[in-house]
Amino acid sequence: MSTTGATADPLAALGSLPGVAESVESVRKAVDRVYGHRIMRRRSNEITSEAALRGARGSAALSGADWALEEVRRRTDFRGDDEARTVGAALRLTAEAGQLLSIWRQSPLRVLARLHLVAAADNADAVGRPRQNGEPVAEPLVELPLPDANEVAGRLEGLSRLIVAGGSAPALVTAAVVHGELLALRPFGSHNGLVARAAERIVLINSGLDPKSVCPAEVGHGELGRAAYVAALDGYVSGTPEGVATWIAHCGKAVELGARESTAVCEALQRGAA
């Protein structure tokens, strides 16, 4: 989907697509239920920490490292095989996202470069910058045609301008577009899925929809599964109103499932305190 159309606020315009307003409202209600829970008033830091762990696990699962939650919680060394490195990258990104909130509105491209650097944990020349023509991309989950470097640069710049300009688009819409664009473009040589989901998290926090980061969309994306994720992404990439609306609704359902996960954590903590 191009973000460089003639509409003054193309992100806001997506809010009028069929079903999107209903998704936005459903997400708001789910988020409000978590924030209204009595445990959130006393132990929100614990809920945030648990949401971060579960979100990282969900994001890693979509990138091919589907570990049990307790294994992610237990491990301290994420060197070794590809799965361990993927889980380690997801955990690092979740921690780093909270440090980049103030930069996002002014320089989203700088944030994306930083996220890739953190995920890759490497100082190679190709790390932390958009790929150039001819450079390979390792993203096994997404098998869509790969845009060339010029298209990547133009669409990233267009996306950056929209974010910096702000606008009236609902947080869910902006988060879904950021997520979808990064998956469609795969601007980096690796870890694009992890970076895209971390960027979605940043938008949801920074927008004020989920300021304490207790509604991890990554949990929902993981629960909905890789097949549904790829199918919804295909809709986004098609650029049709129906396809884009389907992707936004998919992202909305993921946020709702993340909110449900944290509500369950609140309930468990409440039972333990009783």
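Guide: Alanine 199 has its place in helix α10, where helices (H or I, at least four residues) and strands (E, at least two) are DSSP runs numbered from the N terminus. The model is predicted, so local features need pLDDT of at least 70 and side-chain atom pairs count only at pLDDT 80 or more, while totals for chains, interfaces and linings use all residues. Residues are numbered from 1 along each chain as its sequence is written, and side-chain values use heavy atoms, with hydrogens and water left out.

With a relative accessible area of 0%, alanine 199 is buried; the term means under 20% relative accessible area, with exposed over 50% and partly exposed in between (1.4 Å probe, protein chains only). Neighbours within four places in sequence aside, alanine 199 is in contact with Trp104, Leu112, Leu115, Val178 and Leu182, contact being heavy atoms within 4.5 Å. Leucine 100 lies 99 residues from alanine 199 in sequence, and their C-alpha atoms are 10.0 Å apart.

Helix α10 (192-206) also gives two or more residues to the lining of the largest pocket, as do α5 (82-97) and α7 (108-120). On a 1 Å grid over the protein atoms alone, a pocket is an open set of points with protein on both sides within 12 Å along at least five of seven lines, a 1.4 Å probe that fits but cannot get out marks a cavity instead, and lining residues have an atom within 4 Å of a point. The volume of the largest pocket is about 520 Å³, taken as the space filled by probe spheres set on the points, which are joined across faces, edges and corners. Of its 28 lining residues, the closest to the centre are Thr86, Ala119, Ala120, Ser190 and His191. The most come from α5, with 6 residues. The lining divides into 12 nonpolar, 9 polar and 7 charged residues; Ala, Val, Leu, Ile, Met, Phe, Trp, Tyr, Cys and Pro count as nonpolar, Asp, Glu, Lys and Arg as charged, and the others, Gly among them, as polar.

Elsewhere, the whole structure holds 3 aromatic pairs, that is, rings of Phe, Tyr and Trp (its six-membered ring) with centres within 6.5 Å, stacked under 30 degrees, edge-to-face over 60 and tilted for the rest. The pair of tyrosine 236 and tryptophan 247 is tilted, because the ring centres are 6.3 Å apart and the planes stand at 55 degrees. Both residues are buried.
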